[in-house]
Structures are given as C-alpha cells and as structure tokens.
Amino acid sequence: MREQYFDKMLYGGDYNPEQWPKDIWEEDMRMFNEAHINSATINVFSWARLQPSENEYDFSELDAVIERLAKEDMEIVLGTSTAAIPAWMCRKFPDVTRVDFEGRKHKFGHRHNHCPNSPSFKRFASELVHRLAQRYSGHPNLKIWHISNEYSGECYCEQCEKAFRVWVKDKYETIEVVNEAWNMSFWGHTLYEFDDIVVPNYLGDGIHDTAAAFAGLSIDYRRFNSDSLLNNFKMERDIIRLYDKETPTTTNLMGTYKGLDYFKWAKEMDIVSWDNYPSYNTPLSHTAMNHDLMRGLKGGESFMLMEQTPSQQNWQPYNALKRPGKMRVQSYQSIAHGADSIQFFQLRRSKGAVEKFHGAVIEHAGHSNTRVYREVMELGRELKRLGDDLIGAETKARVGILFDWDNYWALEYTSGPSVALRYVDQIQRYYDACYSRHVDIDMLHMDSKFSKYDIVLAPVLYMVKEGVSEKIDAFVSQGGTFLTTYMSGIVDQSDNVHLGGYPGPLRETLGIWVEEIDALAPGTTNILATEAALFSQGRYKCEMLCDLVHLESAEMVVAYNSDFYKGMPAVTKNRFGSGEAWYVGTVPEQTMLNELIAHILTEKEIETFDDVPEGVEIASRVKGEKTFYFIMNHRNDVQQFHSSFKGCTDVLTNQKVSDKIQLEPFDVKLLVKK
Amino acid sequence: MREQYFDKMLYGGDYNPEQWPKDIWEEDMRMFNEAHINSATINVFSWARLQPSENEYDFSELDAVIERLAKEDMEIVLGTSTAAIPAWMCRKFPDVTRVDFEGRKHKFGHRHNHCPNSPSFKRFASELVHRLAQRYSGHPNLKIWHISNEYSGECYCEQCEKAFRVWVKDKYETIEVVNEAWNMSFWGHTLYEFDDIVVPNYLGDGIHDTAAAFAGLSIDYRRFNSDSLLNNFKMERDIIRLYDKETPTTTNLMGTYKGLDYFKWAKEMDIVSWDNYPSYNTPLSHTAMNHDLMRGLKGGESFMLMEQTPSQQNWQPYNALKRPGKMRVQSYQSIAHGADSIQFFQLRRSKGAVEKFHGAVIEHAGHSNTRVYREVMELGRELKRLGDDLIGAETKARVGILFDWDNYWALEYTSGPSVALRYVDQIQRYYDACYSRHVDIDMLHMDSKFSKYDIVLAPVLYMVKEGVSEKIDAFVSQGGTFLTTYMSGIVDQSDNVHLGGYPGPLRETLGIWVEEIDALAPGTTNILATEAALFSQGRYKCEMLCDLVHLESAEMVVAYNSDFYKGMPAVTKNRFGSGEAWYVGTVPEQTMLNELIAHILTEKEIETFDDVPEGVEIASRVKGEKTFYFIMNHRNDVQQFHSSFKGCTDVLTNQKVSDKIQLEPFDVKLLVKK
Amino acid sequence: MREQYFDKMLYGGDYNPEQWPKDIWEEDMRMFNEAHINSATINVFSWARLQPSENEYDFSELDAVIERLAKEDMEIVLGTSTAAIPAWMCRKFPDVTRVDFEGRKHKFGHRHNHCPNSPSFKRFASELVHRLAQRYSGHPNLKIWHISNEYSGECYCEQCEKAFRVWVKDKYETIEVVNEAWNMSFWGHTLYEFDDIVVPNYLGDGIHDTAAAFAGLSIDYRRFNSDSLLNNFKMERDIIRLYDKETPTTTNLMGTYKGLDYFKWAKEMDIVSWDNYPSYNTPLSHTAMNHDLMRGLKGGESFMLMEQTPSQQNWQPYNALKRPGKMRVQSYQSIAHGADSIQFFQLRRSKGAVEKFHGAVIEHAGHSNTRVYREVMELGRELKRLGDDLIGAETKARVGILFDWDNYWALEYTSGPSVALRYVDQIQRYYDACYSRHVDIDMLHMDSKFSKYDIVLAPVLYMVKEGVSEKIDAFVSQGGTFLTTYMSGIVDQSDNVHLGGYPGPLRETLGIWVEEIDALAPGTTNILATEAALFSQGRYKCEMLCDLVHLESAEMVVAYNSDFYKGMPAVTKNRFGSGEAWYVGTVPEQTMLNELIAHILTEKEIETFDDVPEGVEIASRVKGEKTFYFIMNHRNDVQQFHSSFKGCTDVLTNQKVSDKIQLEPFDVKLLVKK
C-alpha cells in the first residue's frame, strides 16, 4: 500500500470565490466552519484569469484565495487550471482547439477543448504549471495537486494525425507489421508508408463510437488518444515535481468512462480521485462497481471522491432532488468502497452559465438555512467525530473481476454478432451476481496479481493479449476458480482472431470448443435446462447470444433446451490442475447467474449475506484488527433483517446491535468487528 | 387603434401567373370572379425573374400581371421578392448565403437562404426595392407591401460574427460588462477583447436548439439574429417609404415561431399578417392562441391571415384533407380572433417542385368543378355578403397572458432541472384553462399596459428583466389578479440568477420562498391535496416539476401529499395591496388548472360559457355597439347546448336563435348582441 | 435468350488466398474438392497489392493464385479490383475520394469510396484493367470478368458538379428547357447558365434521401450518378473487350438497391449477378421478388448468385445463424427463380477487420469438421449430381409487375401526401398477392414487351414517361388485364404534374378521375365496402391514402364506407378495348388484395396453388419439354399438403410423389413434369 496521504477525511469541494465579491468570502468561511468543511478544491478553470494574454500572468487573485483559506486552516486541493483554454489562445493559436469525429474544426468554446498534441497548448500549459508550482510549492495548506480536470474527448486534427503516425511507428516499427496488425489486406487497405495512415474518424475508416471498418486501427487510435492526454497529465506532473517532490498529484476520473485507459493512467497518479454522479435511476450496484473500479485502479488504495452533488444535478434529463438522507448514504457508500474524502461539486452555486442549476452546499439563496446545507453540516459533524478511524482502511476482497479498456473498445467495435452487446453491461451482470450476496469485490486488470484471489471472473474477455492465457492457466492450475463467457478468447491485441477455434488460447483451460455463435433478436430467448443441484429451478431463459459449445475436457452443467442446438452445453465446468474453469456460453437470466455465482462463492467458503432486503447494501473495510461493516439502506423506507452482527457496535451511534438490524429510510450503520 | 387599412375583407391569396401561359390567366380571372376573390398576393419569389443578372432588370412580366389584376379591380398585395436570392448572385457573390449551426457554408438552394449581414445581399435587395417602389408606388390597386416572406433561420458566418461583436459592443459597451453578463468567469471563458467573441454555433459554445454552454451568449445571439433579419425588413420598408408614404407594409409571421422576437418586429410593421397551418392533430386551442398572439403583437389590432391552405398541406407527415366545412370554420376562427382577411396559399397549384401537393383554390385539374373550389366560392359569397361589418372590430379581453421571446429562448436553454420543459407548452396550459371557459384572451408582452386587465397570467416567467417586477407589483397592488408558476423569477436579462432565493424579484409580491425544485421523471407524479372549495375534488396529480415552497406572507391553497415535501405548499395565494398574486409551484393535471382559473375568472366577474360541448368554440369581437359572438363547431358531428344567446340574430342566416343552439358538423353561427 | 454461358452450376465463392500463408492454400484446395466447389471469385479488392505505387505493378501473387486454382481446374471469376482505391492514390491524388451528401470531403477509408468522375481514378483504373486484361485474357480457367464490386453510393464533389452540368446540357440542350423541366420558376430558382447548377446535396437543394426541394433536379442527379458509375463499369468492360472478345462480364448487384437504375445497367452487362443477404426477419417473398427482379433485368435470362453467406452475417443488427437446412433451401430458392450459380461470400473467413464475424465455408476453426462446412459439402454433392439439368432453364411467367427506378426515386422524393409511402413496400404488396398463390412473376420495366403477359400490374406508377400510357393502352385494348393504384399517372419524367386531373395520361384507360387524395395518419383506417362476389367478406380496412375517385367509364367494385367520401369508389374496373383496367385507390388490407389478384388470375386461367401452407413456396422453371417445380419449405417444422403433383418425380431423391406432399423442416422437393 502507498504511504498514507491523509490524516483525516477531507470534507469540502470545489470552490470558486473569484466569481464573487470579497464580503461573500467571509460568509463562505463562516458557513464552511459551521459545516465542518475542511478542504477546498480551487483554481480548476482559472487559466483565463491567471494569464490574461500571451505574455502576462497575474496570481494576485489566487494568492488571496489561498491566503484566505489558509487563515481558516483549510486543506487546499490546487488545480492547475489547464482544462479550459483561454479565449485569446484560441484566437491567436488556432492549433489549440480540436477537430471532431466528423472532421469539424472547433473554435473557442466549452472546456476540455484542447488538442492534446497541440504545440501551442503544450507550450502554454507547461509555462503556466511552471509558474504555479514555483509559486505555491511548499505552501503548508497545499494538500494535493489537481491536474487539469476530467480529461476526456478525442481530437482528429492534422497534428494528431502526425503524432499518431509516430505513435504507430514506435509501436510496430515497420509498415508491414502495421498492415499485419490491422489486417489491411482486407478491402485492399495495404499501407505503403506511415504517411498513408489516416485518423479513423468519419472521413476515414471510422463509422461511429461503436463501429469501425478496421477495429485494429480504431483501437490503436483510442490507445493513442488516451496516451496523448496522459502525456499532457505527465507533462504537468513532471513540472510540478521539479519544484515539489512530495505533494501528491491527481486528476478526477469518471468511473467507467470509455475514452481513457484508467489503469494505465493510475500508474502515473499518486492518488485516484473521481466524480460520482448517479442519476435518479442509476442502479446501486453500478455506483458500487464504479467505486470498486476506482479503488482497483491503484490495486486497492483508497481514493478521493472529488465530486458529488449535495442534492441536484443539472445535466441529466430529469434532475431529481436527493431525498433527505440520500446524500449521506451515498457518501457512506463511497467510503465503504474506499473513499478517504467526501467532496462536493460545488461549495457555492454559480449564478450563471450551464451549471447554474447544479446543486451546491451554498445554494442561490445564499444562506445556511436550507435542507441541503443542514444535511452537509450534519454529515460534516459525523465525519469529524469519526476522525481518522477509517483513513487508509483496506478492502479484503477474495473475488476479482477483470475490467479492461482494450476489451471495452474492441468488444464494442465488433461488427456482429449482435449490436446489443455492451461491455460495461456485461461486466455489471457478473458484478451484480456477487453484489447480490454482499461480497467485497476487487476490479482487476490484466497485470493484477490473480493469486491474491480465490475467484477471478472475466466476462466477455474478448481480447486475450499476450501472456494473459498463461496467467489464467497458472491461476487455475494452482487452485483458483476462473469464469469467463461468450465472446471470450476471440482476438489478439490487434483485434485479429486467434485461429483454430474459439475461445482461442483459453480453450484448453476451459476444455471446450465453441463452433458457432448464434445471435438472438430482442425479445427472443432460448431455454436453458439443468439438473445441477446448485440451481433452484430446472429451467431458465437466456438471450442475446448462444454459443454452440463442444465439450473437450469440460463437463456440461447447463444445456440448451430448444432450437437445433438443444442438448448442447450452455454452461460448462472444467477441472484444470487444482482449480476450476467455468464457461457461460449465453446470457442467462440474472437469477440463474446469481445462483451460479453463489455456488462458486460457497465452494470457496467466502462469506455472503443472503437474506438482506433489496436496496440494503453491505460492504466492509479493514484497518488493523478492526473490520468495519457498512450497512446501508438505499431505500426511502424502513428495512429489517436478521444478521450475524449481533453484539457489534455501531460506531455512528455507539450502540450495540441485536441480531435484528433495523434501518430507517436511507439509514447507515457502521459496525465494527474486532 | 391604428387607422383602418381595409374597407372590406380581403379574400384571395398567393398568385403566380408568371409560371403559366397567358390563356390560363383569363381562366384564372373568370374563376376568381366566380369565387368572389378580391385580392392577390404576387411577386413573392420573383427576384430571379425581375433581375436576371447583376446589371439587368426586367419588370415587364410583373407589369403585365399587375395590369391584368387591376383590370379585374383586384386588391394587390405586392411582394418585394427578396426571400429567395437568385442563382447568379450565389454564384458571383458567395457572401450572400448562410453558414449553418454546424458550420456548413450553404450554396444556392431552397429559400430564406440569405445571410442577413451580407453586404452583397443588402446592396442588391436595396437596389431591387428602390426600383419596385419607384415603379409601383401610387398604383391604385396596390393595397399592401409584403416585404420578403416568412423571415426565419439563423446564420453563423464570419460576417455575422463580426456584426455580432458590434451588436454586443453597442449593448454592453465594455468587455468587462460582457464577461459579467454572460458569466464568463465560469469555465474560464473570460473575454479580453470583442474579437474574442465567437458565434455560439456547434463549433463554439452552442450545443443545440435547446441547450447552450453559455445561455447569456446564446440568448444574445438569438436577439442579434432576430434584429439582423429585422434590419433587413426595415431597410426595405424605409426604401419603400421614400416613394410611398401611405401603403401599409407587412411581412407574414408564423405564430409561435421561436426564431424571431415578433413583439419587436410588430413595432416596425404597419399590419401584422401570418400563416396558419394547423395539422390534422393540432389542438384547436393552439390555433386560437396563435391568432390571439398575432393580434396581440400590435396591441389588439386586427391582422391579416396571409396564408392558409384551402384543403391539404404537403409538408406535414400525414396531410389529411380538410373535411367539408372545415376550411370555412377555420376561416371564421381566424376572423373571430381578429383577422380582417382570409387568404390562401395558393390560388393555383404549382405543377412541380416541393409544394406541388399543397392544396390550392384551383387544383391540378384546372377547373372549378371541385369540392375545394366550391367551398372557397361559397365562403367568398358569404364574406361578400358580410361586407365590412366586422372590419376593424376589437377583442375586449379582460384576461392577459404574457408571452415573451426572451423567456422562450432562456427557458429552453436551461440545463436542468428537466428536459421536458418547453415554453409554448407551458403557456398553452394556462391559455387552455381560459379557453375551456370561452373567455377572450389577449397575449401580452412586457411593455403591455397591464392595468387594462383584471387578470394577468404569467406562466414560467423565468426571466424577469429590469422593471418587470415593479410593473407586476403595481398591477397587483392596484387590485389586479396575477398568477405565475414554477420556473419564474429565476434570472435577469442575461440569464444570471436573481440571488437570495427564488422567485427573486417576485418573491415579495407572491409572498413565498422556493427553496428547491424537484424534477420528476416521465410517468412519475406527486399528489396534490386541497380542501379549497374552488376545487371539485380533494386530490389531483402533478408532474414534471415540484417547487418546495415556503410561505412568507402567502396562504397555502394546495399542498403536496406525498414524498418528503408532503404538506408543503404547491399552490399559494398572496394578498398584495388590493390585489392577489397566485403561485402554482408544480404542473398539475389540466382539470385542476381549469378549475383554478375558472375560480379566478369568477372572482373577477368575467363572463364564461360553461356547458359548451368539447370542440365548440366561442369568441367575440366588438364593433361600435355591436358584439359579435362566433359559435364554432370544430367537430365533424352535430353539437347542441343551452346558452344565453336566446334572441340573438345569426348574421350568416338572418335567423334568431333560441336558447338551445344546434350546430351542424363544422358549423358556424355569428350572433350579434347590441 | 443469350448464349449459354455455363455448362454446369458454378459452385464456389469469394476467395482471398493472398491473406494467408501458402500451406493454407493446399488445405483450401483439399476442402474445396471435398465440398465439390468448382469456382472461385478472386482479386476483388487487390488493387493495393497489384499496384503498390503510381508506377509499379506486381502480378506475381495473382499469377500464383490463378495457377493454383487452374491446377484444380476451378472456374475463375476474375475481379478487376477497382472497388477499393489504394492508400497511396488517396494521398497523392485527393480527387479520387468522394464528397458526401453533407459536403464532407472523405479521405482514404472504407471501399466504394472513389469519385466516379475523378480523372485520376479513371486514369489509374483504366491502366490497371488494361494490364489485367492483357495478362489474363484467354486463360483457360477464366470464366467471367467481375468488374469492380457492388457499385453504390453518391459523390457531390466539384468534379461531379461539373460533369453533372455537362450531363444536363446533353439531356436538355438549353437552360430554358432545364428551368421548365425542374420547374425552377418556383421559389425563384431560375437558372441563367449551366454554371448556375448546384449539386443537390444538403448544401444545395437536397434535404435527405427521401426529400428534395426540387425533385426534378434531384431525380436527374440520381440518374446522373447512376450513369457516372455505369460509365466506370463500361470503361472497364470496353478495355477488357480490346483483349478478350468472349469472356462474359458482370458486376454484382444488390436487389432493390435504390441508388442505381439496374435496368439500364443490365443492358451493359453480359450476365446479371447479385448478392443475396436476407436477414433473420426478411419476408420470404421479398427475397423471391429480389430474385425475380434480378432475372427480369435482362428479360428473363438466368443470373448468378454471386454472394450469399453459408450461415451468419455480421453487419445486420442481430446476426442469427442459418438453421440446419436453411442455407440449402435458400440456395434452391435462388435456383428456382433463375440462378445458374450458387456462390458464397466467402470461402475462408478473414481473421480481422469489419467482416471477421461474417460466415464462411471455412470458418476460423480452419477445418472441415463444422456444421457449416458439412452443409456446403452436402449441397455441393447434390448440385453436382443435378449436373446441367437446370442450366439455362426459363421462367414462363404470364404475370408481370412493373419496377422502375425513376418511379422509385420520384415517389420517395414527393413532399406529401404521406411520409409513410415507400416504393418497394408498395410493389411488394402486389407481388405478395401473386406470391401467395404461387404464381410465377416477371419483374418488368417500361421497355418490356407487355404483350407477352396476360396481366400487367403497375402499382404506384407515379411517373408516367412519354410513350408509357400509349403502351399500356395498346396492351389493354388487345385484351390484357392491367392494374394500377393510388399515386399513379401523376407526373412526367421531370416530376411535373400531368395537368387536367389525375391519373393524367392513364385516365382514359382506367375510366376514372381522382379529384383528391386523402392521407390517413398511422393507426387510422377507412372501411371498404363491397358486394362483389370475388371477395369473401363485405368489409375490409384500408389505410395510408384514400383517393377520391369519380367514375368516368369505369365501374365501381369497392366503395368507401366512412368519412365524407363514403360511397365513392375505392376500387374500379374499366373495360377498354378487349381488356380490363383496374384501379385500386387506397391501401387495402392484404387479404383483400390477395383476393382481388386471385380473381384476376382466375379470370386469365393462370395456374395457382391455393392450399399450400404458410412458409412453403412453389416456383417453376422450364427447360425444353421439362417443367421443374421447386417445392420449398422455408420453415423449421414439418409441412403437409395435397397437391396436383401426384406421380411427378423428385429429381433430388428419384422418388415419385403421391398427392400428399410432406416436407421436412427446410426441405426441398424438385419435381419434374414432362
């Protein structure tokens, strides 16, 4: 584990005092104190104010803000401000803006609008960060450097095209290898020199976000674009390090955001931070998975919740208020899954522009006599009381689920067998099966140490890169339980098929051969039949895809019960070394999946909670000898259930619980077992 | 009221004889006479024929048309022809065409395709109008100048960008004020000089028609674009005035068309005219509201119905025939709401191009033995018999509803709380509540004289510009009844929030504070509870938005009955001076709204008609001592009801009516009370 | 009929050995032989390999492929490879790529991406084909020249704009005639010189694929674009002919593909070939109609099935496997309707790029132990046994249905009366009525010899070009039965209305006048009433369009039974000379249409099969004295019915059939009557 960056929970959020007259600052401080707010993220989009023209810098405003916050002894998360380029720069140096997927050159506007390969952008961003780092390094209240903000988007301009050619050359060395990798002999696409490479937007070989004529090319472009933005991050971080060797750096991520390979990013960041914006209808388990993914990015290190709204969103279609208590339980959900900070976007609501209907700790009313403020204050008091009890606590998961951006991109670019296939949805189904049993889960990547786990789930492991199957083999043969599904083992790193029969390099481990993949139209199902004792019923439905599986060394656990492949295996289990490798060849109804996973968990003697009402979540963190159990009611009504927690103390109330747990609406219990 | 421009109902329409051989003209004249057609709109899209090249003009064809019409003593509505630019102009002077929202430069094509700030367009349009005005001013049959046609659309080219910077400078004077107005410190958008301003299309800060990153900027661009086109109109009008001091000018508007601030336009027009194209499923009340809005543009002056189809449309998805009688009742609906002309698009059907399936008085069959022609002829006979009885009659409304293009734009640009919010829909709900009681309504703008009215309704008065709240205060304190709703009093003219609590400057008048605004997903409702006697039930549903209202001086009339804001006020009433100010904090079901408005009408002793069957409309106009009541059956079946009209004379049949009114399908009665 | 090009059924498909190492070629040959595959289509997208740079050609790889195939005595279908332009060409000669409907210039990417009027494309394609033809002409295994591939798409670049102006000048000679043809006086679009003509894409007068401001212009652009691509085809064909006078040429068509006037194309091709890709939910009758259309293109000559998938597609949304037997019955359906070849795309599956999930004879598994391979092999054996029995057999249809690309384009460009109107759907309804009686049908064009047929159906004969009505008159007066519908006889070749009353030049033949056309919204119906004995019921529903028909000399067969046109004719019959002309003025439910067509068939004593179960298709071909009846079960269950085939021999099993036919799932019987 990394060194401990925090000694207490950071509680605060995004703060933009430069938009307001100074008398409001005083009122802000008063309210921050009252609400036990101890940190502020500043200077996120201030480039335009810090540098009013090409050769002019002015830090006086930022100095004043920092000074005022320091006076209150607030922890400062200091932005570098490079996520929105100034107007003068777009006007004078048009190379700084992006060209989009349809080939349109953008002008000044929005944010996250810089071309990552723009020389002017790099020059000016670098100069700015030099000055910031020089000026503020060593400031006693400077807690974290926050580089740029929510990196995202793509650029397809000519300078990116040129940079991409260099990236491709670095990766493949010769154009012949590129042709092989992207299978360019198909449709007569042979390239003769690197200058033949065209960015895969709509004017080239792109089709849209989930379709590409040459997926190998488009996947590489995604890798390149992710790397290009990461280079921007690294450039700023390295400049900071010239002046400041110690203060950790971060940038706020966005859960399962498709555009960036966050596992690669996290290696360059000291702390993972992220922005959690569930909508009124986001499944609880999706938020939980996001948290676990963010924790997983740095192999289990706790993360910062950089942004959440205290109540309302503005950019969702229907921005429901968070009901009383909901912000609190969502905050504890973050902590339960690994957060060491709770920060809001934003502390004071903007009076204009696109986010003025976004909730804030201090609303447009401008005072503290609001429900939203009161809830923030009450949570602040509670967190203060908790102190550092949970800081740096770990999740001791015995189940890992693979999540891989290369697979994400590749799977969604496939043309066929079904447009219904979406990466995150498929991962989520398996996450949900574990989540329904309240089991702690680690989200893993290809380089994670599998041997730490009893069970590794790898749904839709479509792309199996070099070394991966060997790693899986080792894990299983040494006793691990491995599970994968339809659309696995199909292609290599370049989206070329592993020839010789699906699932390619996983075939021996799984002991099967998949001859064909049937695609079912929406509303169409096949029936699964099983006599296995692990299932409560004999028949289940399945949909979307049906693999036609032949047993090689595996045994059949579930069979199809209709169509011409009736009787063929749909779910199989293979003994391999001391372990087991499962294959799920179709998309069964969730109940069946839950039972299957429950069986595997039981076999590995992993603790599950089985009679917990819908909407109640249980998660745990361990610190030293103590295990903290978060019992969270995400519903707006009272929930009761019997549990094994009898005798535990609820740290929030200092009361001992009986074997019957009762939770008020949106209630949280934080139980400690030693 | 303005001087009386007409001495009789204009009855005619758009006429394009230049497309046909001259022997057809004679046949046209015969049929026009037979159908009592007394006017023709000509020269609407003839620029290409009037000016075949840069230095060549040819009016001989137009001369011939005018001469032929004059021979029949037809009234001429003379177009200026500038709504479609000639091919040679697009070829030689490419600055005349537009750049669209996505940044695409258009070539020659369609119509309404000129850039309003194009120097070439202005030069050529100006020259053409000089020649037209010089040539035809004083012609005895020239009744109205019709400038251009259906002004609409936007341009985002570089010359518009430059003109916009000038417009912004004229409005705000310094760039600091612009930054403040558009809240450019948000997302680091600070502008340093006027040249930093970028047109807010998709390549800048635009998103789409109902979303913008910086609404203040986008709203100003809408104002600018409306002004730019209005400048085109004014340029032509002023040229005409050099030669012709008397003939009124107009251009045809399009009801609630979003793009242009018609109240501002109407000030520059002598007569309002508009084009009425209800679809098969357009609600009756929407057409009625459109008419009232058009009448309201010039404070109640009667307007021209410039276009309607005698039967079929072509550009709607499903172009149903108007059933026998429907064109007649729709024509009377126009008159009932203030029209002094009934004009068709078009008199003779085009043989080719996009509108060839658009109905006409003379169909492709080419003779008068058609149902459509016969209905036109019969209506012509009837209108001729009516003579000038109704010309210049007024609507004596005691209820006004505010309609404001700035609010239209601003409300629909908001990001949050709900994408379901649409300006016209929300206004329509309140219009409908009045309409269901057959009350005459004036559509008002911010500068209207409120004191003329007993009741002013101002739904979704989102933007409250300077002086508006004072005006409302005065109206209420002097005894008026005012009503407003959710999403009112939120922002100033620049879309910056009135800080300190919603509904901002309306707060004292309404006696409430709105702490939060909840957004309900589609299909979700809250329940409203009330014991107020004015409602027939105790429970109603509401949807979309729920304001969390605190009473300050107001009383609660309706409360929420579910969710965490159960018991909080949803509808309130405040005594303020001698008047009352109502607030409706949610979107209740229409029944409740109808009852609420009925109650307010009753309190103000406004005459309503309460047991009229669905589909029957009653509206009135007053001329001198006479009040004309239009009783219109918009349905295709017989309707009966009891009324207070016993003893009135039906001017159309010269029969007295009993207390039981019976209407045949699509029937109209025009009753007179003295 | 043409000379007989084949002596046996070609059985094979697309083959791309250059993508694989040579040891795989040997394995391919072994499997081809085992599966009785006797032909291969090669060199379809190999331009990039044949010509690695501007001045370099390399045919060694192609030589090797041809040599290896020749050694197995395979028939070779030799592509010219011009359907995908090489990367270097796009880089060095940017005029080769297209500009799309929205005005976007495309770069290197995809295929079918060449501008048909690009000088560089023409120069390089011509040079390549010279070399190919010179090199391979006379090769004993060269069976067919396959020029380019699936010609399709449009270009709107400047060189196309210039070429279009020339095309227009060739057609119309003067700009005045153009103005008249496109009715350019509408909306002031008068053109002064040919340089005023702008390509009708989105930046000009285009709207989208089924809408245009000036349909006459847009239709001409479709004609021009079809001609431009056809010129590309002809250029290559003529070059081939310099070296090779005998080998037939083809290019693969795509059924009812909208973009190209295939009747015009077929005149230039020696053999029609096409690609048949029904989706899991494509109606059987649509595939049948496609086959008949392809056979009709050259007046009944048998065609090549150039592509079908042995099992799965990849580019459809849900790519279901073909169930066991389905590929076989679909292959026989092709033969039943006129195919003299069965060819697959593709012989070996590509390992990468967009079509890697497209089925192939040799799957990714790489061996012959797959279901798909076995089915291909079994069909190969069966076809080999059949030998040349069916080669060149003819369809002796007595019913013809008109299909015309000009009408296709014109009808779908109309603005009004209903957006629901689609050309192929309307034709399909009448095809289906015949198909439901298992009657052989010829798809005809305007120049077809009508007198060969007893019945000619011409649904939605919207555009009636010069000479067409005279031809119909002659056909009917000499005893033929003719039927047409709503939206017929409306416009001339330029989309200008035939004035004087619908259906224009067809009016006398049909003996009716259509005064108005009502459009019904979706879900809305009218009721049809009839007492005619030919119908089993007295009431049917109709939808979409209702013509208001006046009888002139026709008699009424069906009347409307509701709305204001109740009692007016909906279906009429007119005696004209010795024949009959029917008019169907609305879209009746399919049952009524089936009964109406059945009646007409009976009147003409055309053999029908009436009690055949749903999903069973019967079609016939005649060779010499023999008539072959294909009895095909397209369903996955057993079907039984009584027939008149008692005593016929099933050529596939050499068994005689009884009067009761029993078909296993996807079963086929091929019965011979002498």
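Trainee: In which loop of chain C does C:Ala353 lie?

Mentor: This is a predicted model, so read what follows as computed. C:Ala353 sits in the loop between β11 (339–344) and α12 (371–386) of chain C. Its phi is near 75°, a positive value in a residue other than glycine. Most residues other than glycine have a negative phi, and most peptide bonds are trans. C:Ala353 is buried, because its relative accessible area is 7%, and buried means under 20%.

Now turn to chain A. There, A:Gln346 lies in the loop between β11 (339–344) and α12 (371–386). A cis peptide bond joins A:Phe345 to A:Gln346, with omega about 5°.

A cis bond is also found in chain B, between B:Tyr502 and B:Pro503, with omega about -5°. B:Pro503 belongs to the loop between β15 (481–485) and α16 (507–510) of chain B.

Back to positive phi. A:His36 has a phi near 65° and is not a glycine. Its loop runs between α1 (22–34) and β2 (39–42) of chain A. A:His36 is partly exposed, at a relative accessible area of 24%.

Next, how the chains relate. Chain A can be laid on chain B by a turn of 120° and a shift of 0.0 Å along the axis, with an RMSD of 0.0 Å. That is the relation of a three-fold axis. Of the residues of chain A, A:Arg104 comes closest to the rotation axis, its C-alpha at 5.4 Å.

Last, the surface. A:Lys623, A:Lys626, A:Lys656 and A:Lys674 form a patch of positive charge there. A:Lys626 is in strand β24 (residues 626–633) of chain A. A:Lys626 is partly exposed, with a relative accessible area of 30%.

Terms used:
Residues are numbered from 1 along each chain as its sequence is written. Chains are lettered from A and ligands numbered from 1 in the order in which they are written. This is a predicted model: local features need pLDDT of at least 70, side-chain atom pairs count only at pLDDT 80 or more; totals for chains, interfaces and linings use all residues. Side-chain values use heavy atoms; hydrogens and water are left out. Copies are superposed by least squares on the C-alpha atoms of residues with pLDDT of at least 70 in both. Patches are made of residues with over 30% relative accessible area and no salt bridge: like charges are joined within 9 Å, nonpolar side chains (Val, Leu, Ile, Met, Phe, Trp, Tyr) within 5 Å. Accessible areas come from the Shrake-Rupley method with a 1.4 Å probe; for residues, only the protein chains shown count as cover. A salt bridge is a side-chain nitrogen of Lys or Arg within 4 Å of a carboxyl oxygen of Asp or Glu. Lys and Arg count as positive and Asp and Glu as negative; His and the chain ends are not counted. The place of a charge is taken as NZ of Lys, CZ of Arg, CG of Asp or CD of Glu. Helices (H or I, at least four residues) and strands (E, at least two) are DSSP runs, numbered from the N terminus. Buried means under 20% relative accessible area, exposed over 50%, partly exposed in between (1.4 Å probe, protein chains only).
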